[in-house]
Amino acid sequence: MLGKGVVGGGGGTKGPKPSFVSYVRPEEIHTNEKEVTEKEVTLHLLPGEQLLCEASTVLKYVQEDSCQHGVYGRLVCTDFKIAFLGDDESALDNDETQFKNKVIGENDITLHCVDQIYGVFDEKKKTLFGQLKKYPGKLIIHCKDFRVFQFCLGYTKEEEVKRIVSGIIHHTQAPKLLKRLFLFSYATAAQNNTVTDPKNHTVMFDTLKDWCWELERTKGNMKYKAVSVNEGYKVCERLPAYFVVPTPLPEENVQRFQGHGIPIWCWSCHNGSALLKMSALPKEQDDGILQIQKSFLDGIYKTIHRSPYEIVKTEDVSSNFLSLQEIQTAYSKFKQLFLTDNSTEFWDTDIKWFSLLESSSWLDIIRRCLKKAIEITECMEAQNMNVLLLEENASDLCCLISSLVQLMMDPHCRTRIGFQSLIQKEWVMGGHCFLDRCNHLRQNDKEEVPVFLLFLDCVWQLVHQHPPAFEFTETYLTVLSDSLYIPIFSTFFFNSPHQKDANMGREGQDAQSKPLNLLTVWDWSVQFEPKAQTLLKNPLYVEKPKLDKGQRKGMRFKHQRQLSLPLTQSKSSPKRGFFREETDHLIKNLLGKRISKLINSSDELQDNFREFYDSWHSKSTDYHGLLLPHIEGPEIKVWAQRYLRWIPEAQILGGGQVATMSKLLEMMEEVQSLQEKIDERHHSQQVPQAEAPCLLRNSARLSSLFPFALLQRHSSKPVLPTSGWKALGDEDDLAKREDEFVDLGDV
Amino acid sequence: MPPRVTFQPCGWQWNQDTPLSSEYDFALVNIGRLEAVSGLSRVQLLRPGSLLKFIPEEILLHGRDFRLLRVGFEAGGLEPQAFQVTMAIVQARAQSNQAQQYSGITLSKAGQGSGSRKPPIPLMETAEDWETERKKQAARGWRVSTVNERFDVATSLPRYFWVPNRILDSEVRRAFGHFHQGRGPRLSWHHPGGSDLLRCGGFYTASDPNKEDIRAVELMLQAGHSDVVLVDTMDELPSLADVQLAHLRLRALCLPDSSVAEDKWLSALEGTRWLDYVRACLRKASDISVLVTSRVRSVVLQERGDRDLNGLLSSLVQLLSAPEARTLFGFQSLVQREWVAAGHPFLTRLGGTGASEEAPVFLLFLDCVWQLLQQFPADFEFSEFFLLALHDSVRVPDTLTFLRNTPWERGKQSGQLNSYTQVYTPGYSQPPAGNSFNLQLSVWDWDLRYSNAQILQFQNPGYDPEHCPDSWLPRPQPSFMVPGPPSSVWLFSRGALTPLNQLCPWRDSPSLLAVSSRWLPRPAISSESLADQEWGLPSHWGACPLPPGLLLPGYLGPQIRLWRRCYLRGRPEVQMGLSAPTISGLQDELSHLQELLRKWTPRISPEDHSKERDPHTILNPTEIAGILKGQFHPFWITRC
């Protein structure tokens, strides 16, 4: 193949322990310089993007199974991204690249996506930061979206190496000012050609109308009102301009402690109980102030305890639940499991996979979040209580828990528009500090806590367990998580709505200029072609059925229930003979011990939770009703698509979800055409033709990593760790080489 | 009736169609634990010396197949019976431990008793079966040998097997004597591209074969190929004891009252090592498939006993390489050939004899197959439920398939040997004149225990044979096969090929009989450049990186999963809502719509009729989980 030096790395578990050997040595590389220069790839710059530095004849390693290839090209660093311009892009010009990101190419790393940079100095791997005295021969970049890039700088001119390495380090790691974010240069330059998707109905919650609409939708408008007391952020910069509070709450109260201590409405349940949040009052030493605070809070509680409000239960999510520190530690351990420099390294961790996974406790944290959300759901749904979430700023775990509760209780949040509105409401307007939590400005590493990623992972568990309940797919969640690091969207690049508005250019020196028009991430057409967007939509999602049809279906299902296969023994027993109702008794007898470990609070709470959880799971699932996740040990899983997608070994050719998908789509088409036929007959009216996602149609054998890791797709090979194993199909040479087989010497 | 505990629900009726079916059937041998519960007291009754001192409110039967049967006695004054029933189970269970071998049933089903009943799957007990299968595989260089017709070469071998054309039966007999327990090299599977997969026992090192014998052994191993790879099957795979221990641990972990905390579940699972063993098997099978496919050669699986891991690997390799083996029929034939006929000691391995060599190798195999099913959902005709049914059948004492250690014992019992030996066989078999063994039922007679609706669910709705671009025909495809270099002999071990000097251990110096003397690899010559070591596939495999039909499974830690529907059946909180089989939901929808359409249009062309299904026989597999999932109709509304 063109310009590729092919080198064997030790494959298989028995291979040599990986050290950071540079696998390719200069003399081993056979490359056709002429062709490289002919196929120069041009650098695509976004509006406002500027080239900062570049280096030529950089060798990028392409990881394939146990081998590594090198591809020559140019490494450039702009104020938006690091990009490698090689020649291997042309090879991918086929159908499967339809799922292409229009903003971020395969070999592009946005500056905010860089996690760690390592240099290899004489086979030793070191983290790179600050001013370098010596420049490495090889550069390894770990990305926040789990890609790992390795660049060999051995053939690059020393001057260029210095420039590119220090450039990359400076632009990705040095603290930045907010004003220097690429977001602004992009918005300024692209002022006139911003595209807005006319179909984008995501509620942004930046107007009073949006909040009223939400109140009306959830029937919360009887007891709660939207207020504009914070218009222009007069009262508090942490709160959005508009928000919702209990109707009898005097507006002066909001101003009293700059928005602290005020119950802010999140969502109302169909039975009238509501989810509220409150940021804690500042901690004070002075008894006098404490007294004032206490009486203030008493007043507040009196307001919301009174009829028509339900009993309020306060959940303090900043104590006794999860600390941000825990999340940070767990995630940094967890991500290391997937950031591997070569295949061999992955093999090494593999034997102890489960215990490594467990020791990161990331999955356990997910379980705890889901459990907390179920507990709150139980209070609201079964006990008809209001729940008040309490947190220091009400902007981290509050956002997480309240969003999860709404996802479980409100089917609207499981549509794509609903989910986007939810994130907009709870996270963006809720003042989650995306800028600090993602450490976009590299100002304080300690503040970097992946709360939002934790949320997406929790959502993934729900999507994975109940796929038909969600209009979006796991691919949607994956690309959403990737969008956290693309600084052309304003959504995830501010700490609060106030900060965004303050930087929109209104305060600039020339007041004449229009305010900047920032893109929102919900405009998916910026990143993906319509064809690729079909992969974000779950073809199996069912919208709420019409009532009569629902009843008919229900009858039919009931009838069939008695025919169930005996394979699931303890489950299928109906109420006949000696058998009892399974759910309550069995669980009390057998599982009391287990479930009790899930709950460390009072017995009563434990019972309520258990009963609620078990009775829900023993009933049939209504995808348009309450939805609870399973939280037992075996049920919390690794979000494989996000974490494993760049690891070639994790790919199953012709297997995985994709294989069933094509079959599914085929059947769906048949169903659709039959439906149409029936409708024609029945109503003699035209039914709008549905557009079936066609990305998978022509795919005979895609890999399980689809739609990601297209990079590896064309060159995947059977993994047979070999020594003395060669030149199959190369008949001419066989005779000559008969005696030259090599073994690794470990037999 | 065979020894079992069964529960018959009120209104339960003997079903003519499925005479042995009961959802609540527990073979006595299957009972792993029996607990009686009354109030807060709870007694384990199968421990020696444990006594029941109270009238149980309910009893819990923990199956060794991970099922759980819970019977409550409270209602309706059943106390006296409760005690009796419980004690009866305990006693019966104790007696069944005394190695009473049940002999299987040979009842003739109503309507089938005409004597000409054909088994649903060829049982590989006749020469015709072997010949048919040989032709199907187009194994031209092979013939059916009758040398073991009277089981005098080896009782653990089937009466017929395949040997190379050119080898005489007398040579076969002599050559087989030099293998452990007389299990010499036989063909397992002929790759349509030309390669042969063989299996054999270990070389019997104490024997002293003459030159001709060695020549015969070599010819049989070579099978007409110049390139021979010996695969040490035991290498890198768990020992029998390992498998048994892992399975016991897994069972303990999956018990409903297992005391593992949720946050320690993963490491506890890892601690059982079961998944690790599954992984090792898949990995090795994947490697061997590549060996078989990548060029024309003879690949010999060698295991000392040739009755455990050889069967496992050979079956897995066929599943990976032959689409035919992934059909329902093909898979059952495969199990019948590579496990049942090949003499896997089912009875011992599943603990039926109480011997120490218990090890559920077959269950390990089923788990591997389940992993493949997960990874390649469109490539298998059978479903997870079929695998579960098979899993649950291994201890059901209805048929002899899994109740004997060797084909000889099985044949003896079913009376087919009466013409050869005058052994009196007690039990239920009363051989009528003539074709007595035709009435012998096998586990493949699914309709004995499962209703039609259930058997329908053995089909994988997602099966899509056209999934692979070229439909695979068992014809030679020499296009991607290249002839190997002359007389090269390799040992495949630890994931690598090592050249060997010779095939058999006896040849040069009879004094150096120790296996190691000849298994030493040639000294390495490291002159080759690194680049040459790369696995170079023949270039004409082209853009599609794998030859059609070949599956290469993933076997990394995150890819190997726990078969929850099987192992966690005893834990209701886990099994609820295990799945929402969307494809079957769609299929259901489809048949419903077709039915509607038919109602409204009395005249439909005959082609349309062929597509329709009888709405009454369609069972919605969502019911397996007992949960109503999803309604799939308004698809056309969803789009906006």
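**Exercise 1.** Are H7(A) and H9(A) roughly parallel or roughly antiparallel to each other?

*Solution.* A quick note before we start: this is a predicted model, where local features need pLDDT of at least 70, side-chain atom pairs count only at pLDDT 80 or more, and totals for chains, interfaces and linings use all residues. Residues are numbered from 1 along each chain as its sequence is written, chains are lettered from A and ligands numbered from 1 in the order in which they are written, and side-chain values use heavy atoms, leaving out hydrogens and water.

Step 1: get the geometry. Helix H7 (residues 324–336) and helix H9 (residues 353–360), both of chain A, have axes that come within 8 Å and cross at roughly 155°. Helices here are DSSP runs of H or I with at least four residues, strands are E runs of at least two, and both are numbered from the N terminus. Axes are lines fitted to C-alpha atoms, for helices over the stretch in contact, with angles from 0 to 180 degrees between N-to-C directions.

Step 2: apply the cut-offs. Angles under 35 degrees count as roughly parallel, over 145 as roughly antiparallel, 65 to 115 as roughly perpendicular and the rest as oblique. So H7(A) and H9(A) come out roughly antiparallel.

Step 3: look at who touches whom. A:Ala330, A:Lys333 and A:Phe334 of H7(A) meet A:Leu357, A:Ser359 and A:Ser360 of H9(A), contact being heavy atoms within 4.5 Å.

**Exercise 2.** Work out how H8(B) packs on H11(B).

*Solution.* Step 1: helix H8 (residues 309–321) and helix H11 (residues 361–375) of chain B pack at about 15°, with axes 10 Å apart. That makes H8(B) roughly parallel to H11(B).

Step 1: list the contact. H8(B) brings B:Leu312, B:Ser315, B:Leu316, B:Leu319 and B:Leu320, while H11(B) answers with residues including B:Phe365, B:Cys368 and B:Leu372.

Step 2: check the surroundings. 14 of the 15 residues of H11(B) are buried, so this helix is largely enclosed by the rest of the structure; buried means under 20% relative accessible area, exposed over 50%, partly exposed in between (1.4 Å probe, protein chains only).
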